Amino acid sequence: MSPRRSAGIMLFRGRPDGLQVLLAHIGGPFWATRDVGAWSVPKGEYTDQEPALDAARREFTEELGLPVPDGELHELGEVMQKNGKRVTAWALEADLDPDTIVPGTFVLEWPPRSGRMSEVPEIDRVQWFAVEEARPRMIVGQAALLDRLLADLQAREPSRRS
């Protein structure tokens with residue numbers, strides 16, 4: 001059995017006070033009152049039959065209800081979450097109004113083993129965060145994506161000035 005894999009796209013934007021990234025708060029009753037460790041790159045699972053980048057684009061649209069903005073995607077590579085899931089992500093410089101999202105939903109048994117099924121949003125909100133604010137909020141393992149984004153931007157900085 002292959003490990004669970006997800007793919008996603010992390011939007012970033014520059015502001016006068018620094019770099020910001022867009023994160024999604026995990027939906028559902030288990031995560032409703034959590035903040036630290038409850039935010040993620042918009043992402044979702046995929047199988048061997050789907051290329052990771054195609055999955056990242058599909059999941060962005062499914063989770064946010066919006067198309068992937070135009071622009072150049074920069075691969076951030078793969079990280080391993082604490083639960084063993086492998087996450088492959090790309091970064092994209094773009095702006096997006098969090099109030100325009102229309103999150104997808106899924107069916108969940110809640111409370112567990114109750115037999116009651118409820119439709120809940122995959123994410124319940126998205127928000128822009130400064131990198132230092134984003135890091136503690138992200139799911140353990142995903143924070144490494146921030147380091148990779150910063151390194152990628154620093155490596156490209158001379159060409160961005162041209």
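1. Strands here are DSSP runs of E with at least two residues, helices are runs of H or I with at least four, and both are numbered from the N terminus. Two strands count as paired if DSSP finds at least two bridges between them.

2. A quick word on the source: this is a predicted model, where local features need pLDDT of at least 70, side-chain atom pairs count only at pLDDT 80 or more, and totals for chains, interfaces and linings use all residues. Residues are numbered from 1 along each chain as its sequence is written, and side-chain values use heavy atoms, with hydrogens and water left out.

3. Have a look at β5 (residues 73-80) and β6 (residues 86-93): they run antiparallel, joined by 7 bridges. They make a hairpin with 5 residues between them, and Gly84 in the turn has a positive phi of about 90°. Gly77 sits opposite Ala89 in β6.

4. Now for helix α1. Its buried residues (under 20% relative accessible area, 1.4 Å probe, protein chains only) are Ala52, Ala55, Ala56, Glu59, Phe60, Glu63 and Leu64. Seen down the axis of α1, they fall within an arc of 135° (taken from the directions from the axis to the C-beta atoms), so they line one face of the helix.

5. Which residues does Leu96 contact, leaving aside its neighbours within four places in sequence? With contact meaning heavy atoms within 4.5 Å, they are Leu11, Arg13, Leu22, Phe60, Leu64, Leu66, Ile101 and Trp128.

Conventions:
Buried means under 20% relative accessible area, exposed over 50%, partly exposed in between (1.4 Å probe, protein chains only).
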